[in-house]
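The following exercises concern a single protein chain.

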Amino acid sequence: MEILDYYTLTADKQSAIRARLVQSEWRAAAYLRRLLEQNGLRALCGASIRLLLGMEGQTLAAFCTLAERDEIDDTDLTPWIGFVYTYPEFRGCRRSGALIDRACALAKAEGHEYSYISTDHVGLYEKYGFEYVTTMQTRHGDDTRVYKKRI
């Protein structure tokens, strides 16, 4: 799997990635697509956001973000790994793990000691070395579990 950053791609390739997001059953992928089409992802998550793309040839297999902010407002915790997703036909080969590892390596290179994930999953991110910290409220008013990992 090759890992690319959405923001380094040509406009045509970015368009193809946005089109692939429609093929996901995960509603957050549709939200991500809208943010990308409206140039709102950076406004929401910070100017330095990276959208990491796990590519199998020309096909988007998995993706995640590394950002200053995620779905929790007013926190000093940063950076956040978010929008973690692998398409069903590519699951079972640790593609998400490879993307998370790349995001953590990038965060460490920027001088961060920890990376954070906000999720409602229990038992998923622990296998990638994250530990539960607390429950916080999202900007939408929902409770979310916050995990951190020393990088």
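**Exercise 1.** Across which strands does helix α4 lie, and at about what angle does it run to β3?

Solution. The model is a predicted one. Locate helix α4 at residues 95-109. This helix lies across β1, β2, β3, β4, β5 and β7. Its direction makes an angle of about 35 degrees with β3. Helix α1 (residues 11-21), by comparison, lies across β2 and β3 and runs at about 100 degrees to β3.

**Exercise 2.** Determine the strand order of the open sheet and identify the strands at its edges.

Solution. The seven strands follow the order β1-β2-β3-β4-β5-β7-β6, and their pairing is mixed. β1 (2-5) and β6 (131-137) each have a single partner strand, so one side of each lacks a neighbour in the sheet. Within the sheet, β2 and β3 run antiparallel and are joined by seven bridges. Here M55 stands opposite L60 in β3.

**Exercise 3.** Explain what the salt bridge between E56 and R95 connects, and classify each residue as buried, partly exposed or exposed.

Solution. First, the closest N and O atoms of E56 and R95 are 3.1 Å apart. Next, E56 belongs to strand β2 and R95 to helix α4, so the pair links distant parts of the chain, 39 residues apart. Finally, apply the cut-off: buried means under 20% relative accessible area. R95, at 14%, is therefore buried, whereas E56, at 26%, is partly exposed.

Definitions and conventions:
Residues are numbered from 1 along each chain as its sequence is written. This is a predicted model: local features need pLDDT of at least 70, side-chain atom pairs count only at pLDDT 80 or more; totals for chains, interfaces and linings use all residues. Side-chain values use heavy atoms; hydrogens and water are left out. Two strands pair if DSSP finds at least two bridges between them. Helices (H or I, at least four residues) and strands (E, at least two) are DSSP runs, numbered from the N terminus. Contact means heavy atoms within 4.5 Å. Axes are lines fitted to C-alpha atoms, for helices over the stretch in contact, and angles run from 0 to 180 degrees between N-to-C directions. A salt bridge is a side-chain nitrogen of Lys or Arg within 4 Å of a carboxyl oxygen of Asp or Glu. Buried means under 20% relative accessible area, exposed over 50%, partly exposed in between (1.4 Å probe, protein chains only).
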